[in-house]
Amino acid sequence: MIPKKRIMVGLSGGVDSSVTALLLKEKGYAVEAAFMKNWEEEDVEFCPASVDFADAQAVCDRLQIELHSINFAKEYWESVFSYFLDEYRAGRTPNPDILCNREIKFKVFLNYARQRGAELLATGHYARLQQQGGSHQLLKGADPLKDQSYFLHALNQDQLSQSLFPIGELHKPQVRALAKQAGLPTSTKKDSVGICFIGERKFKAFLNEFLPAQPGVIETDAGKALGKHDGLMFYTLGQRQGLKIGGQKDGGEAPWYVVAKDLKRNVLVVAQGQEHPQLYTQTLLAERVHWIGEPPVQLPFRCFAKTRYRQMDQACRVEQEDVGSYRVRFDEKQRAVTPGQSVVFYAGEVCLGGGIII
């Protein structure tokens, strides 16, 4: 009898990774699990790592699989968090979860899994994989409300060839039902939200611990001063909440939105109305573009793209701008396209890759 493959599961203490381990165990694989700690934090009010680890251990006890506890905080700081700070310092809004997947979960953690004798790494991402002509394709998750291919677009062929996404064919209610049926203690656990190392804490207070705030003036798009901002790093394009400039006499009662950041003058530029023209653009420039498979042979080419997670696919035309950078021209204007975020390309269900919006 040929022994089943050894698989390492990244177990977060949530229901998705729990069911990932469950499905693999039911298929007879030799399953081990690992709980990753990527952030050194003593404030348990905001970083309930001990609670998540206890939940992960309870799942492993139920499934009778071994759980390892590993700490990649040093690697996380060097590969992800330093980039996160640099981007905010430069006035952009980064997406560290994408970098975390590429540099930590599917690199450092994958290496750890292989050293432990695992042939494959499995995670609870809502995404799918298929082989096409010797190439590994990343597909959207079957659940359109949970598809996480956007966060995985920076993975390469080697990483995808050693990965599994067992719940990618399922919808979230099915995952919870399987967990409940198997008696897993995470079946009703609330989904985690927020940036992986920040969690649900107050973002402004957290960021202020690492970057000194530089308050400045809030101006209208016409150059009129309206008030003070707490620091440009705390705001993103299209933001409405937290501006504290309500009740202005000019312009009626329409709400104010962030439309630009003037880094040289340390000025936050705002305009009134959700549909203000400065909130919209029909083109963007992306750099550090990564293609999951072979780069496009013919340029320009047409595809679909997202400029943020859970956005509906947007039809566009992609042109080569320079080496490693591409101009994306959308059929329709896009709202609040944010520098530092990622634009991710799709051909139907297939994720082609993506890059950083500049």
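Predicted model: local features only at pLDDT ≥ 70, side-chain atom pairs only at ≥ 80, totals over all residues.
Figure 1. Across the whole structure, a search finds 22 aromatic pairs. In the pair shown here, the ring centres of F72 and Y112 are 6.4 Å apart and the ring planes stand at 75°, so the arrangement is edge-to-face. F72 belongs to the loop between strand 3 (66–71) and helix 3 (73–89), whereas Y112 belongs to helix 4 (residues 96–115), so the pair ties together parts that are 40 residues apart in sequence.

**Figure 2. The aromatic pair of Y150 and F151.** The rings of Y150 and F151 have centres 5.5 Å apart and planes at 85°, so this pair is edge-to-face. Y150 counts as buried at 1% relative accessibility, and F151 counts as buried at 13%.

**Figure 3. An aromatic cluster of the protein.** One aromatic cluster is formed by W39, W77, F81, F84, Y88, F206 and F210.

**Figure 4. The surroundings of G141.** G141 is found in the loop that runs between strand 6 (135–140) and helix 5 (149–152), and with a relative accessible area of 5% this glycine is buried. Leaving aside residues up to four places away in sequence, G141 touches Y126, A127, R128, D147 and G168. L232, by contrast, lies 91 residues from G141 along the chain, and the C-alpha atoms of these two residues are separated by 35 Å.

**Figure 5. T220 in strand 8.** T220 is found in strand 8, which covers residues 216–220, and is buried, with a relative accessible area of 10%. When residues up to four places away in sequence are not counted, the residues that T220 touches are L226, W256, V269 and V270.

**Figure 6. The cis peptide bond between L299 and P300.** Most peptide bonds are trans. The bond that joins L299 and P300 is cis, however, with omega at about -5°. P300 is found in the loop between strand 12 (280–291) and strand 13 (301–306).

**Figure 7. Positive phi values at K244 and A336.** Most residues other than glycine have a negative phi. In K244, phi is positive and near 60°, and in A336 phi is positive and near 55°. K244 has its place in the loop between strand 9 (225–229) and strand 10 (256–262), while A336 is placed in the loop between strand 15 (325–335) and strand 16 (342–347). K244 is exposed, with a relative accessible area of 72%, whereas A336 counts as buried at 17% relative accessibility.

**Figure 8. The whole protein, as a setting for the close-up views.** The protein contains eight helices and 17 strands, and the C-alpha trace spans about 75 × 50 × 35 Å along its principal axes. A compact globule of 358 residues would have a radius of gyration near 21 Å, and the 22 Å of the protein agrees with this. Buried residues make up 49% of the 358 residues, and the accessible surface comes to about 17700 Å², of which 50% belongs to carbon and sulfur atoms. Among contacts with a separation of 6 or more, 65% are accounted for by residues 24 or more positions apart.

Conventions: Residues numbered from 1 in each chain as written. Heavy atoms only, no water. Helix = DSSP H or I, 4+ residues; strand = E, 2+ residues; numbered from the N terminus. Rg over C-alpha atoms; globule rule 2.2 N^0.38 Å. Buried < 20%, exposed > 50% of the residue type's maximum accessible area, 1.4 Å probe, protein only. Contact = heavy atoms within 4.5 Å. Areas by Shrake-Rupley, 256 points an atom, 1.4 Å probe, with all protein chains shown as cover. Phe/Tyr/Trp six-rings, centres within 6.5 Å; stacked < 30°, edge-to-face > 60°.
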